[in-house]
Amino acid sequence: MSDYNLYAYWRSSCSARLRIALNIKGISYDNITVNLLKDEQLSAEHRALNPSCSVPLLVRKKPVDATTTTTTTPFKIGQSVAALEYLDEVHPEAPLLPPSSDPEARAVVRTLVNIVACDIQPVTNLRIMRRVRSLGGNAEEWNRELIVDGLRAYEDVIAGGCAGRYSYGDDVTMADVCLLPGVWNAKRFGVEVAGQFPTIAKVTENLEQLRAVQDAFYVNQPDAPEEMRAK
């Protein structure tokens, strides 16, 4: 039996964050599809699980300590960054944050996480895009402009000296786990990444060599449309 259920959608960048983290840590999970295009996230059943009516939703099905015999209610986390922090605390293998002895490094990584989570990803959210269109705006153009602003900030931070093979040094961190799906979305919306953001492009190339990342890629998910699945 797997440790977790992951309620997710194949093209959700926030869902991809958790897939990458779970894969890197070697944590077993069952993928439960929530089809955003069919508004399944708005159903009463999903709202009862996640009041935010969104994905991903991470549900721990059994106690972290396998020796515990006490029956517990499944533990649910309905926001991806909170879930990443939780996974790093209860599954410290393959840590995604620098050690607690280096608070400055941890702060930089968290800054990068929030550039993606607060400045880049929200504009690509389906709910937001629908709202922009309802107001007569061009959601794709709006996305591209704001994604570029966010990626420029990310590039400036990591190009300033903290980047190594990855965003912060030579170990994969939570920043990378958030960055990569953001780059996937940027390319999807027509942002030219390599020419504008060479450090991000280098980090992305290195990350995409990892099996944990490849397995988490959009087209490798069971709910990806057949015509888009990796061959």
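Reader: What makes the crossing of α4 past α7 left-handed?

Author: A crossing gets that name if the near helix is turned anticlockwise from the far one by less than a right angle, and right-handed if clockwise. α4 passes α7 in the left-handed way. This is a predicted model, where local features need pLDDT of at least 70, side-chain atom pairs count only at pLDDT 80 or more, and totals for chains, interfaces and linings use all residues. Residues are numbered from 1 along each chain as its sequence is written, and side-chain values use heavy atoms, with hydrogens and water left out.

Reader: Why is α4 called roughly parallel to α7?

Author: The axes of α4 (residues 103-120) and α7 (residues 174-188), lines fitted to C-alpha atoms over the stretch in contact, cross at roughly 20°. Angles run from 0 to 180 degrees between N-to-C directions, and those under 35 degrees count as roughly parallel, so α4 is roughly parallel to α7.

Reader: Which residues of α4 meet α7?

Author: Val109, Leu112, Val113 and Val116 in α4 meet Met174, Ala175, Cys178 and Leu179 in α7, contact being heavy atoms within 4.5 Å. By class, that gives 8 nonpolar, no polar and no charged residues; Ala, Val, Leu, Ile, Met, Phe, Trp, Tyr, Cys and Pro count as nonpolar, Asp, Glu, Lys and Arg as charged, and the others, Gly among them, as polar.

How values were computed: Helix = DSSP H or I, 4+ residues; strand = E, 2+ residues; numbered from the N terminus. Parallel < 35°, antiparallel > 145°, perpendicular 65-115°, else oblique.
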